[in-house]
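Thank you all for coming; I would like to take a few minutes to go through one model with you. Please have the view open while I talk, and stop me wherever something needs a second look.

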There are 2 protein chains.
Amino acid sequence: MFTVEILSIGNELLIGKIANTNAQYLARRIVELGGKVIRIVVVGDDLDEIASAVRESLQRKPSFIITTGGLGPTFDDVTLAGIGRALGLEIVLNEEALKMVKEKYEALSKERGTILELTPARVKMAMLPKNAEPIRNPVGTAPAVKLKTDSTVIYALPGVPNEMKAIFEEYIAPILAEISDRVFLERYLFIEGLPESSLAPILEEAMATYPHIYVKSHPRMEEGRSHIELHITIYSESKDKAESILSAATEYLKKTIEEKGGIISER
Amino acid sequence: MFTVEILSIGNELLIGKIANTNAQYLARRIVELGGKVIRIVVVGDDLDEIASAVRESLQRKPSFIITTGGLGPTFDDVTLAGIGRALGLEIVLNEEALKMVKEKYEALSKERGTILELTPARVKMAMLPKNAEPIRNPVGTAPAVKLKTDSTVIYALPGVPNEMKAIFEEYIAPILAEISDRVFLERYLFIEGLPESSLAPILEEAMATYPHIYVKSHPRMEEGRSHIELHITIYSESKDKAESILSAATEYLKKTIEEKGGIISER
């Protein structure tokens, strides 16, 4: 099973300007593709913070590190410099990346009817760690970047959500699907009439009986009524196997919870 | 200026089930209170992962670590055990916390007309690292926890958003406001007609001219029209000083951007 760490880069996340929906999107897609996200880290637009976060992540040897943000033309877009520092790699002009950037600004110049020169800010987007490969950005101007280390493949994606998604779906998701050896399935149960603390021993027993499943309970309040949401998940080698274990475990949980006085609705 | 690291605990975040809105809420409030969030880390409901994340965070010596999640009655609520392991502290029954939990279940028993005993799952919520202080949870059952180390105060909050917010606002925000020595202010400018790469040198110059401000540009697409959102922020010792610098810097930016052909709207 492949593992992923997500490194989200941007001061806007650290000041609570936005929720980290990029990480949520990536995490969800990685799980759907059969992978496991081990950690999500958010740091600001700061060279040292990025470098230390990448270094710490590499020590845990995930199959992949996916970074978002900090690839643009402004002075504080320092993700690639941070990755370079973490790996002791020089930052050099990548000719292929420069070609991608050039083409973007030529198209943009035509569109706007004004010449957009290759200023230092624009060339900066083609400055990559040595040995890195640029990935074409079908939406925006800054190429994404792939960089292999001994244990981990690093993908650096832009922070603009539609650019991040486009590159992930077109380029990375097919690779993850190809190497994936797991299927992820999930089911929900909604329970009224039992507090979470009464469910706790039931969940533990269910997981002992069906060791492949994982059950997590979430207390919820909706329209003034409280209930517990049970989220039952499984990773398995095949869809058939996953479905059969998940169904059996769900039936077991329903039966046991109803015996204890819980009222169940499946939505 | 006080610094904070946020540690968000819960598998639901790592599988992309939800966005990390707890971290966003806390980050926003901490900034409003004049503090700085240095890092946000998300780990699953896993003892080793929590312990190692706490240990790494302590090495960076933030003024505060605020954790969310993992305080409940189920077997996978292991935040306090993780913090205990990181600090080498035994987990012991805290009498004050037990009293809080007892009162909650006595009230709940009355409300439901059925006796809810102090089961092991419920007593678990009163098992705290040695020397930790429980904080009353005005909304839910699991007490929050405060624990001092030499360099850092750790607050462990529940993951249920309304419980987390209630405890933060009632108990922690007043403490942060008391020690705060900074005021945070921000302003937005929206720019059309200039790509981000043309703005980049202007922003750099503005920050060199007004070294206390920070300007970040965000490309945006709204109703089919693209524009750049500029977010201008400042931390200062007083509100007056912050406002006067922020106004001067904003005027400077508007003038310079208009000279380069940008069209500005303030919203």
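**Between the two chains**

Across the interface of chain A and chain B, the rule finds 30 residue pairs in polar contact, both residues at pLDDT 80 or more, where a polar contact is a pair of N or O atoms within 3.5 Å, one of which, within protein, must be able to donate a hydrogen and the other to accept it, and where residues adjacent in sequence count only if both atoms are side-chain atoms. Before I go on, this is a predicted model, in which local features need pLDDT of at least 70 and side-chain atom pairs count only at pLDDT 80 or more, while totals for chains, interfaces and linings use all residues. Residues are numbered from 1 along each chain as its sequence is written, chains are lettered from A and ligands numbered from 1 in the order in which they are written, and side-chain values use heavy atoms, with hydrogens and water left out.

On the side of chain A that touches chain B, the residues divide into 29 nonpolar, 14 polar and 16 charged; here Ala, Val, Leu, Ile, Met, Phe, Trp, Tyr, Cys and Pro count as nonpolar, Asp, Glu, Lys and Arg as charged, and the others, Gly among them, as polar. In contact terms, meaning heavy atoms within 4.5 Å, 59 residues of chain A meet 59 residues of chain B. About 4800 Å² is buried between chain A and chain B, and carbon and sulfur atoms give 53% of that area, the buried area being the accessible area (1.4 Å probe) that two parts lose on being put together, summed over both.

The rule also finds 12 salt bridges across this interface, each a side-chain nitrogen of Lys or Arg within 4 Å of a carboxyl oxygen of Asp or Glu. One salt bridge to look at joins the side chains of A:Glu56 and B:Arg39, at 3.2 Å from N to O.

**Aromatic pairs**

How many aromatic pairs does the structure hold over all chains? There are 14, counting rings of Phe, Tyr and Trp (its six-membered ring) whose centres lie within 6.5 Å, with planes under 30 degrees apart called stacked, over 60 edge-to-face and the rest tilted. A:Tyr210 and A:Tyr252 are an edge-to-face pair, because their ring centres are 5.7 Å apart and their planes stand at 65°. This pair links distant parts of the chain, with A:Tyr210 in the loop between helix H8 (196-209) and strand S10 (213-222) of chain A, and A:Tyr252, 42 residues apart from it, in helix H9 (residues 239-259) of chain A. Helices (H or I, at least four residues) and strands (E, at least two) are DSSP runs, numbered from the N terminus.

In chain B, the rings of B:Phe64 and B:Tyr155 are stacked, with 6.1 Å centre to centre and 15° between the planes. B:Phe64 lies in strand S3 (residues 64-68) and B:Tyr155 in strand S8 (residues 153-157) of chain B, so the pair ties together parts that are 91 residues apart in sequence. B:Phe64 and B:Tyr155 are both buried, on a scale where buried means under 20% relative accessible area, exposed over 50% and partly exposed in between (1.4 Å probe, protein chains only). In chain A, ring pairs link A:Phe2, A:Phe64, A:Tyr155 and A:Tyr171 into a cluster.

**Single residues**

A:Arg85 belongs to helix H4 (residues 79-87) of chain A and, at 41% relative accessibility, counts as partly exposed. Leaving aside neighbours within four places in sequence, A:Arg85 is in contact with A:Leu47, A:Asp48, A:Ala51 and A:Arg55, and its side chain makes a polar contact of 2.5 Å with that of A:Asp48.

B:Asn137, in the loop between strand S6 (133-135) and strand S7 (144-148) of chain B, is buried, with a relative accessible area of 2%. The side chains of B:Asn137 and B:Glu163 make a polar contact of 2.8 Å.

Finally, two backbone angles. A:Asn131, which is not a glycine, has a positive phi near 75°; A:Asn131 sits in the loop between strand S5 (127-129) and strand S6 (133-135) of chain A and is exposed, at 64% relative accessible area. B:Lys61 likewise has a positive phi, near 50°, and at 58% relative accessibility counts as exposed.
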